[in-house]
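Hi,

Here is the structure I promised to pass on.

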Amino acid sequence: MGDHKERPLRVGAAVRRRRHALELTLAVVAERSGLSVPFLSQIENDRARPSSESLEKVADALRTTAVELLAAADPACSVDVVRADDADAGVSPQARSLVRGHHQMHATEFTGDHDAGREFQYRNDQLMYVADGAVEIEAEGRAYRLGRGDTLYLTGGVRHRWRATVADTRILVVAVAEHIEAVRGGKQR
């Protein structure tokens, strides 16, 4: 809807741009991700569409997120509606991008649980809002329990992990986009 193009999303060019920006070879990305060089080449040339798990592995190898790669692959729109039933709006059935395109802000909705052992660290600030259920978030050596309506703000660079503690938990994560270099006091973070 909105002025968003109704077409399948292709992440290949975004993956290639990110890999080139980091001056990495396909072999290095393959080693970091555990995926094969031929498969990565197929992804970059849009001959293969990665599963959500494979896209997460590629994103980790490229020191970014799957949401960021999807956003970089999608044209930005000045006005766009993301419907709750948009089949192609997210990374997986449990994660759904709420903002499409390469914008200054990203928002993702997570439903249920995910790999609670996975640690996250983003360059820029983010806000986590519990829409339903409850989560436990570990950040800077402390555990924070959040319930429906609670928020947690994380400054860029803070390592954290989270897990749902109630079935059908929904959290919203709103963040300054990774391609934006947030500055504080004239110094880059």
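**Thr65 and its surroundings**

Setting aside neighbours within four places in sequence, Thr65 touches Ala59 and Tyr122, where contact means heavy atoms within 4.5 Å. Thr65 sits in the loop between helix 4 and helix 5 (66-73). With a relative accessibility of 14%, Thr65 counts as buried; buried stands for under 20% relative accessible area, exposed for over 50%, and partly exposed for in between (1.4 Å probe, protein chains only).

Before going on, a word on where this comes from. This is a predicted model, so to speak of local features a pLDDT of at least 70 is needed, side-chain atom pairs count only at pLDDT 80 or more, and totals for chains, interfaces and linings use all residues. Residues are numbered from 1 along each chain as its sequence is written, and side-chain values use heavy atoms, with hydrogens and water left out. The helices (H or I, at least four residues) and strands (E, at least two) are DSSP runs, numbered from the N terminus.

Helix 2 has Leu26, Val29, Ala30 and Ser33 buried. Looking down the axis of helix 2, these buried residues fall within an arc of 100 degrees, so they line one face of the helix. (The arc is taken from the directions from the helix axis to the C-beta atoms.) They pack against helix 1, helix 3 and helix 4. Just after helix 2 comes Gly34, with a positive phi of about 80 degrees.

Now for helix 3 (residues 37-44): which residues are buried there? They are Leu40, Ile43 and Glu44. Their arc around the axis is only 95 degrees, which puts them on the same side of helix 3. The buried residues of helix 3 pack against helix 1 (12-21), helix 2 (26-33) and helix 4 (52-61). At the start of helix 3, a side-chain oxygen of Ser36 comes to within 3.1 Å of the backbone nitrogen of Phe39. Just after helix 3, Asp46 has a positive phi of about 55 degrees.

Strand 3 (residues 126-132) pairs with strand 8 (residues 170-176) in the antiparallel sense over six bridges, and Asp132 has Arg170 of strand 8 as its bridge partner. Strand 3 also pairs with strand 6, again antiparallel, over four bridges. There, Gln126 stands opposite Leu154 in strand 6. Leu152 and Leu154 make up the covered face of strand 6, while Thr151 and Tyr153 make up the uncovered one.

**One aromatic pair**

The count of aromatic pairs comes to one. Rings of Phe, Tyr and Trp (its six-membered ring) pair if their centres lie within 6.5 Å; planes under 30 degrees apart are stacked, over 60 edge-to-face, and the rest tilted. Phe110 and Trp162 are edge-to-face, 5.6 Å centre to centre with 65 degrees between the planes. Phe110 belongs to strand 2 (residues 105-111) and Trp162 to strand 7 (residues 160-164), so the pair ties together parts that are 52 residues apart in sequence. Trp162 counts as buried, at 4% relative accessibility.

Cheers

Definitions and conventions
Two strands pair if DSSP finds at least two bridges between them. A polar contact is a pair of N or O atoms within 3.5 Å; within protein, one must be able to donate a hydrogen and the other to accept it, and residues adjacent in sequence count only if both atoms are side-chain atoms.
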